[in-house]
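Subject: Structure for your files

Hello,

Please find the structure below. My notes on it follow.

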Amino acid sequence: MPARAACITFDDGYRDNFEIAVPILRRHGLVATFFIATGYLGTGRMFNDTVIEVVRRLPLGEIDLSWIGLATHNIHDDASRARLFAEFVGAVKYLPVERRLAACDRLASIVQGHLPADLMMTPEQVRDLVKHGMSVGGHTVDHPILASLTDEQARIQITENRNDLAALIGTAPTLFAYPNGKPGTDYTIAHARMVEEAGYRAAFSTGWGVATRRSSKFQLPRIGPRDVNATRFIARVIYNVGSARPAVEAI
């Protein structure tokens, strides 16, 4: 690869990735890989979006969340809403998919009205990604934390997602990204082997760092560009060049 090469990636399959990011990428002659959780295509939103939209709509005052193991929260400003969102997502993220969905549905029943149902890409938009020269990768069906599943459940999530994408875009994807992606916490070496056995050529974690010749192809690090200005982003990239988090284990 050329010196200072960079790969641009987007996780999950959000509609705004297609409507906002793709035109910008094309305008600058850039390509990116979009890792798609196929179970959410055209269905509206992921579990964390349900939490966001509910918390945004909650009236001021107390809300009892003892049923999910959380304390009573007092909603009185934006900061208290942000704290509630973070705590609720933390409480349900590692639950089995069915229990996580049930918990989010119960939270949603607290507020009136319909929540947004158009946050994720449609199947047609995923196909159009390829037409626009972009790459599509796997990201499981339901975006579970793989380490919370049985081996058989994890294998199904990985292989069915790849099969769904192959049927959708006409070719099997070669790249995969682990949901949530923390090495050793959200996935293990066993899952990295499953991804390889499924036919993928490489996979990405969310472990910080810059990939080198020594990086495991199935646990490549990434840097999330969440900075508010270019200077901070550049500084963090420089920091990450020499401080990559280790992979779980080489395979």
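C7 is found in the segment before strand β1; helices (H or I, at least four residues) and strands (E, at least two) are DSSP runs, numbered from the N terminus. The model is predicted, with local features needing pLDDT of at least 70 and side-chain atom pairs counting only at pLDDT 80 or more, while totals for chains, interfaces and linings use all residues. Residues are numbered from 1 along each chain as its sequence is written, and side-chain values use heavy atoms, with hydrogens and water left out.

C7 counts as exposed because its relative accessibility is 59%. Here buried means under 20% relative accessible area, exposed over 50%, and partly exposed in between (1.4 Å probe, protein chains only). C7 and A154 are 147 residues apart in sequence, and their C-alpha atoms are 26 Å apart in space.

Strands β1 and β2

Strand β1 (residues 9-12) pairs with β2 in the parallel sense, over four bridges; two strands pair if DSSP finds at least two bridges between them. D11 stands opposite F35 in β2. From β2 (residues 33-36), T33 and F35 point one way and F34 and I36 the other way, and all are buried. In a regular strand the side chains alternate between the two faces of the sheet.

H143

H143 sits in the loop between β5 (135-138) and α6 (151-169). At 10% relative accessibility, H143 counts as buried. Its side chain makes a polar contact of 3.1 Å with that of D12. A polar contact is a pair of N or O atoms within 3.5 Å; within protein, one must be able to donate a hydrogen and the other to accept it, and residues adjacent in sequence count only if both atoms are side-chain atoms. Leaving aside residues up to four places away in sequence, H143 touches D12, A37, Y40, M46, R100, Q157, P179 and N180, where contact means heavy atoms within 4.5 Å.

Helix α7

In helix α7 (residues 189-197) the buried residues are I189, H191, A192, M194 and V195. These buried residues pack against α6, β6 (175-177) and β7 (202-204).

Salt bridges

A salt bridge is a side-chain nitrogen of Lys or Arg within 4 Å of a carboxyl oxygen of Asp or Glu. By this rule the count comes to eight salt bridges.

- R15 and E19 form one, with the closest N and O atoms 3.7 Å apart. The two are separated by about one helical turn because they are four residues apart in helix α1 (residues 15-27). E19 is partly exposed, at 46% relative accessibility.
- R57 and E53 form another, with the closest N and O atoms 2.7 Å apart. Both are in helix α2 (residues 47-57), four residues apart, so about one helical turn separates them. R57 is partly exposed at 34%, whereas E53 is buried at 9%.
- E124 and R127 meet in a salt bridge of 3.6 Å, N to O. Both lie in helix α5 (residues 123-131), three residues apart, about one turn of the helix. E124 is partly exposed at 44%, and R127 is partly exposed at 33%.

Salt bridges that share partners also join E53, R56 and R57 into one network.

Regards
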